[in-house]
Amino acid sequence: MYSVENYSITRFNVQFKEIRNFLQKNADTGFHEHFHWGRLDWMMAHSYLDVERLPENALFRDKGGSLVGVVM
């Protein structure tokens, strides 16, 4: 069973760091990723980012609280 949490309305926070670490860890491991960590950095820093819609992004955690998936 996984728990789902929404991203907060702040661009750069603890969740951002967790997602970035998750993406860096899983990059170039043969896993078919659709969202590279560089894109996350670019998106969060972009002036056109609709910050009010950040909570529509979801983080998935396992029973131990570790990040196991993200929907951006």
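1. A residue is called buried when its relative accessible area is under 20%, exposed when that area is over 50%, and partly exposed in between, using a 1.4 Å probe and protein chains only. By this scale Phe-12, with a relative accessible area of 45%, is partly exposed, whereas Phe-16, at 9%, counts as buried.

2. On the basis of the values: this is a predicted model, in which local features need pLDDT of at least 70 and side-chain atom pairs count only at pLDDT 80 or more, while totals for chains, interfaces and linings use all residues. Residues are numbered from 1 along each chain as its sequence is written, and side-chain values use heavy atoms, with hydrogens and water left out.

3. Rings of Phe, Tyr and Trp (its six-membered ring) form a pair if their centres lie within 6.5 Å, and planes under 30 degrees apart count as stacked, over 60 as edge-to-face and the rest as tilted. The count by this rule is one aromatic pair. The ring centres of Phe-12 and Phe-16 are 4.9 Å apart and their planes stand at 85°, so this pair is edge-to-face.

4. A nonpolar core is a set of buried Ala, Val, Leu, Ile, Met, Phe, Trp, Tyr and Cys residues joined through side-chain atoms within 4.5 Å. The largest one here has 14 residues, and Tyr-7, Ile-19, Leu-40 and Met-44 are those with the most contacts inside it. Helix 1 (14–26) and helix 2 (37–45) each supply at least two residues of this core, the helices being DSSP runs (H or I, at least four residues) numbered from the N terminus. Helix 1 gives the largest share, four residues.

5. How do helix 1 and helix 2 pack, and at what angle? Their axes, lines fitted to C-alpha atoms over the stretch in contact, lie 8 Å apart at an angle of about 155°, on a scale from 0 to 180 degrees between N-to-C directions. The two helices are therefore roughly antiparallel, a term for angles over 145 degrees. Contact means heavy atoms within 4.5 Å, and here the contact is made by Phe-16, Ile-19, Arg-20, Leu-23 and Gln-24 of helix 1 and by Trp-37, Leu-40, Asp-41 and Met-44 of helix 2.

6. Trp-37, which is found in helix 2, is partly exposed, with a relative accessible area of 28%. Leaving aside neighbours within four places in sequence, Trp-37 is in contact with Arg-20, Leu-23 and Gln-24. Trp-37 and Arg-20 are 17 residues apart in sequence and 5.6 Å apart in space, C-alpha to C-alpha.

Technical notes. Angles under 35 degrees count as roughly parallel, over 145 as roughly antiparallel, 65 to 115 as roughly perpendicular and the rest as oblique.
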